Amino acid sequence: AYAQQKNGMSQEAKANLDKFMASNPKATFASDYECYAEIAFALKNQDEAFSNLRKASEKELDNDKSVAYIERIADTLSNQTKYKETADTYDEIVGKYKGTKKKYTYQLYAGFYRTFSKEYDKADEGLAKAIAIAPEEASAYIYRADNKVAQNPKDASEKAEAKQYYEKYLEITDKLIAEAKDKEKATNRFKDNRAKAYRYITGYHIGKKDLAKAKEYAQLVIDSKTSKAGYI
């Protein structure tokens, strides 16, 4: 069955795997259900594929490998732009994951995809949890700020809820660029998000009628887009 699945013989693979599972119902491994999932994907049966990936996850004793099966479901859903389902799946992953290495990343994505599904309050809650896990990481701050702006495009001139998160993103990336061995590479890595943060803060100061500050941040927007070395 495994060999047939690898060679694209999906129906034959399924028939043989069915026979094996019927004769050895208790002697199954995570890889057996993974094989079933691959067959189901090939046969365009995504629901069955997802069901078998979850069965593989339950069978797998290694937590990282167990979670990887569910992560594949999330990746598939995000590629199909099913953002609510993607966020739900990352929440499922966060609930299953027992380590610390990737906890931040999984929680970050759980919040991030809520913005795209327009569940702004849930997104904010999820991103706040990501910040609590790793307050020194920059990404959750920019995503949380972006979520505030997505929820209210006039935020800069009204409640300015995003301001503190954009400012924190700038603070963290200032430090990362200053400490980087290759400052040009680090600057290029962050420049688009930094420009976005500067643009927001420019709008904030325009709303406050502080045109001198607005001009200062507008210049930083320009500098962040044109700088090729050093850091802003």
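**Salt bridges and burial in a predicted model**

Modeller: The count comes to 17 salt bridges, a salt bridge being a side-chain nitrogen of Lys or Arg within 4 Å of a carboxyl oxygen of Asp or Glu. This is a predicted model, in which local features need pLDDT of at least 70 and side-chain atom pairs count only at pLDDT 80 or more, while totals for chains, interfaces and linings use all residues. Residues are numbered from 1 along each chain as its sequence is written, and side-chain values use heavy atoms, with hydrogens and water left out.

Colleague: What makes Lys196 and Asp146 a salt bridge?

Modeller: Their closest N and O atoms are 2.8 Å apart, and the limit is 4 Å, so the pair qualifies. The pair links distant parts of the chain, with Lys196 in helix 11 (residues 183–207) and Asp146 in helix 9 (residues 139–151), 50 residues apart. Helices here are DSSP runs of H or I, at least four residues, numbered from the N terminus.

Colleague: Why is Lys196 called partly exposed?

Modeller: Its relative accessible area is 27%. Buried means under 20%, exposed over 50%, and partly exposed in between (1.4 Å probe, protein chains only), so Lys196 is partly exposed.

Colleague: Why does Ser78 count as buried?

Modeller: Ser78 has 15% relative accessibility, which is under 20%, so Ser78 counts as buried. Ser78 is placed in helix 5 (residues 63–79). Leaving aside neighbours within four places in sequence, Ser78 is in contact (heavy atoms within 4.5 Å) with Tyr83, Thr86 and Tyr113.

Conventions:
Helices (H or I, at least four residues) and strands (E, at least two) are DSSP runs, numbered from the N terminus.
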